[in-house]
Amino acid sequence: MSEHNPSDRKRIGWIVILLLAVLTGLEFWLSFSVRPVLPYLVLTAIAKAGLILYYFMHVNQLWKPGKETDDHNEGN
Amino acid sequence: MTTTKVTELRYTRLSINRLGMWLFIISEATIFAALLWARFWLEGQGRVAELNQTIGLVITAILLISSLTAYLAEASIAENNHAGMLRYTLATLVLGVIFLAGVGIEWSEAFEFFPPERGFGRIFFVMTGMHAFHVFTGLILLAFLYLAGRRGAYSADNYWGAEAVVKYWHFVDVVWIFFYPALYLLS
């Protein structure tokens with residue numbers, strides 16, 4: 001978790017949660033407004049999962065190991 | 001030369017830890033993928049009208065917010081902010097408990113309208129039950145994280161334990177991101 005400085009990290013967290021809230025509201029609205037709704041729900045779910053996987057879970061660390069991204073030790 | 005070699009080994013170990021954690025997450029994800037498949041295989045795209053949409057939306061919001069607090073807990077310890085880490089870990093714990101309480105309330109209604117012996121109830125209770133079990137284990141891990149954090153077990157140079165627990169919590173949230181629309185929003 002070292003690509004960004006502390007204030008950036010917090011800002012990223014808040015932006016991501018805002019996007020998640022918007023997408024959740026959108027899928028809730030779609031479920032009562034659109035038929036068939038399944039394709040749209042799949043898209044919103046993938047978008048939400050992608051946001052969490054990339055920004056919260058840092059999945060990109062898997063293929064970018066190295067000092068620039070790993071500035072903390074292995075755990076004990 | 002020796003220092004460089006030791007440094008390289010330390011970074012490699014963290015990468016291995018992370019890879020192991022992701023492999024574990026992927027293995028758990030296959031269980032939920034199978035349940036998601038079973039939902040559509042058994043019940044198609046239908047849902048029951050008696051589902052409490054308000055509870056579904058509220059607990060979804062709570063779980064998403066808990067992902068933010070978990071992220072902030074990890075971000076805090078990455079800056080050596082122990083108080084922040086403890087505060088956000090506790091917040092995540094509380095939100096997780098509230099989520100489980102909401103699931104319990106939903107179940108109490110669901111037992112009346114679509115019991116687990118047949119129809120939509122079969123898949124609803126298995127999916128939400130399996131997810132709730134993982135939320136519960138996540139809460140246990142968060143509790144350990146909090147207690148270890150209070151003992152000063154983590155620092156900006158060493159917080160793999162915190163990172164792993166937070167990753168697990170985010171995984172639990174990602175599962176619900178797919179389960180929620182599959183159970184509540186289809187028709």
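A: Contact here means heavy atoms within 4.5 Å. Among the contacts in chain A with a separation of 6 or more, 59% are between residues 24 or more positions apart. This is a predicted model, in which local features need pLDDT of at least 70, side-chain atom pairs count only at pLDDT 80 or more, and totals for chains, interfaces and linings use all residues; side-chain values use heavy atoms, with hydrogens and water left out. Residues are numbered from 1 along each chain as its sequence is written, while chains are lettered from A and ligands numbered from 1 in the order in which they are written.

Chain A has two helices and zero strands; helices (H or I, at least four residues) and strands (E, at least two) are DSSP runs, numbered from the N terminus. Of the 76 residues in chain A, 46% are buried, where buried means under 20% relative accessible area, exposed over 50% and partly exposed in between (1.4 Å probe, protein chains only).

Now the interface. Chain B contributes 44 residues to the contact and chain A 41 residues. The size of an interface is often given as the accessible area lost when the parts come together. Between chain B and chain A the buried area (accessible area, 1.4 Å probe, that two parts lose on being put together, summed over both) is about 4,100 Å², and carbon and sulfur atoms give 66% of that area.

One salt bridge is found across this interface, the rule being a side-chain nitrogen of Lys or Arg within 4 Å of a carboxyl oxygen of Asp or Glu. The salt bridge joins Glu79(B) to Lys10(A), with the closest N and O atoms 3.5 Å apart. On the side of chain B that touches chain A, the elements giving two or more residues are α1 (2–43), α2 (53–78) and α5 (160–185) of chain B. That side of chain B divides into 25 nonpolar, nine polar and ten charged residues. In this count Ala, Val, Leu, Ile, Met, Phe, Trp, Tyr, Cys and Pro are nonpolar, Asp, Glu, Lys and Arg are charged, and the others, Gly among them, are polar.

Elsewhere in chain B, helix α4 (residues 119–150) holds Thr128(B). Thr128(B) counts as buried because its relative accessibility is 3%. Leaving aside neighbours within four places in sequence, Thr128(B) is in contact with Trp107(B), Trp176(B) and Leu183(B). Just after α4(B), Gly152(B) takes a positive phi of about 75°.
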